[in-house]
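Welcome to this short briefing on charged side-chain pairs. Take a look at the model first, and then we will go through a few of the pairs together.

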Amino acid sequence: MEHSTPAFTSLADLASARVGGRAIGANDEFFAPKSNLVKPEAPIFIPGKFTARGKWMDGWESRRRRTPGHDWCVLKLGMRGRIRGVDVDTAFFTGNYPSHCSIDAIDISTTPPRGQQAADGGPWVTILPKSPLGGDSHNYFEIPTLRQAQGRPELSRGTSHDPSTGAGSWTCVRLNIHPDGGVARLRVYGDVVVDWKEAARRGKTIDVAGIRNGGLVLGASDMHFGAKDNMIMPGRAANMGDGWETRRRRGPGFDWAIVRLGTTADVRRVEIDTNHFKGNYPESASLEGCLAPGVTLAGLGSVAWTDLLPRTPLRPHDRHLFSKELRRIGPISHVRLNIFPDGGISRLRVHGLVART
């Protein structure tokens, strides 16, 4: 368990309901339902709120166990991926949190049947051994990656994989709590795995900035009103809070956000959506690209950026589509969205042809 916020929390939450994650089974959810575990919003506490079964809690909570064993809940990830770390969040669970937890994972193309959900051992692989938990707190655990050793899976730290192979990837996780109690949220952070070789073979444009396709917003100049990650989420924004929005700029300059594409691609179409931003949309925007696969955010400060979309006026509460306006700059791995001088963008879509390797 770690108390500082680890780097892996900047990765995609593979289990979030926002990307299709859902709780599909649990042995007990007497006090609070398993579906709460994957809610994208932070947990809350409402004093004095009770249900017919007891205190209302914003999490998954089992009854007090009076027999040997432990409780469990299975989550189907919204995106298949390599798990880098987890947050077992026990917010507001003080005298009723589990003393320990463990996590198993499985890579399966279908929903595991009930008997398999509860099964001990294979095909489940333990990715987090039994570990102590703290109450009313974030419990961060780094997850070692999987490698193959003499025909059997092994966990090891620091192992990297070819993103097209999917080795060491998972579709479901099982949270085991020992012996019982409540967990508010389970965040499963990792890298989305996509078969890019197959995508390149099909020769169709793909939104390579989308979170489902491995896109990741590495950084932004400001996120005062809205998180940078909102821009690459599925669907159109539900409201103004479901986008990236900066504070009002009072000095020179402009705001920006950098997106690492899911794979290197030749961009053919871009969408900049100001949906819901009416009195606070940017006056204009531009887009730049670079080819620097694997380079960190800090390293991108020294790379050469090339104009992909020249500075272009934007409209309020509108979907802007650009194709002919784009400059053909060849394959790129990152884009930088510049907004002038500030404001809000609800979604950014970058459709491109996957570069053949």
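A salt bridge here is a side-chain nitrogen of Lys or Arg within 4 Å of a carboxyl oxygen of Asp or Glu. By that definition, this predicted model holds 25 salt bridges.

- Asp13 and Arg187 form a salt bridge, with 3.7 Å between the closest N and O atoms.
- Asp13 sits in strand E1 (residues 12-13) and Arg187 in strand E14 (residues 185-192), so this pair ties together parts that are 174 residues apart in sequence.
- Asp13 has a relative accessible area of 14% and is buried; Arg187 also counts as buried, at 11% relative accessibility.
- Another salt bridge joins Arg174 to Asp104, whose closest N and O atoms are 2.9 Å apart.
- Here strand E12 (residues 170-178) supplies Arg174 and strand E7 (residues 100-106) supplies Asp104, a link between distant parts of the chain, 70 residues apart.
- Arg174 and Asp104 are both buried.

- Arg327 forms a salt bridge with Asp307, and their closest N and O atoms lie 3.5 Å apart.
- Arg327 is in the loop between strand E21 (319-322) and strand E22 (332-340), while Asp307 belongs to strand E20 (residues 306-313), 20 residues apart.
- Arg327 is partly exposed, with a relative accessible area of 41%, and Asp307 counts as partly exposed at 36% relative accessibility.

Conventions:
Residues are numbered from 1 along each chain as its sequence is written. This is a predicted model: local features need pLDDT of at least 70, side-chain atom pairs count only at pLDDT 80 or more; totals for chains, interfaces and linings use all residues. Side-chain values use heavy atoms; hydrogens and water are left out. Helices (H or I, at least four residues) and strands (E, at least two) are DSSP runs, numbered from the N terminus. Buried means under 20% relative accessible area, exposed over 50%, partly exposed in between (1.4 Å probe, protein chains only).
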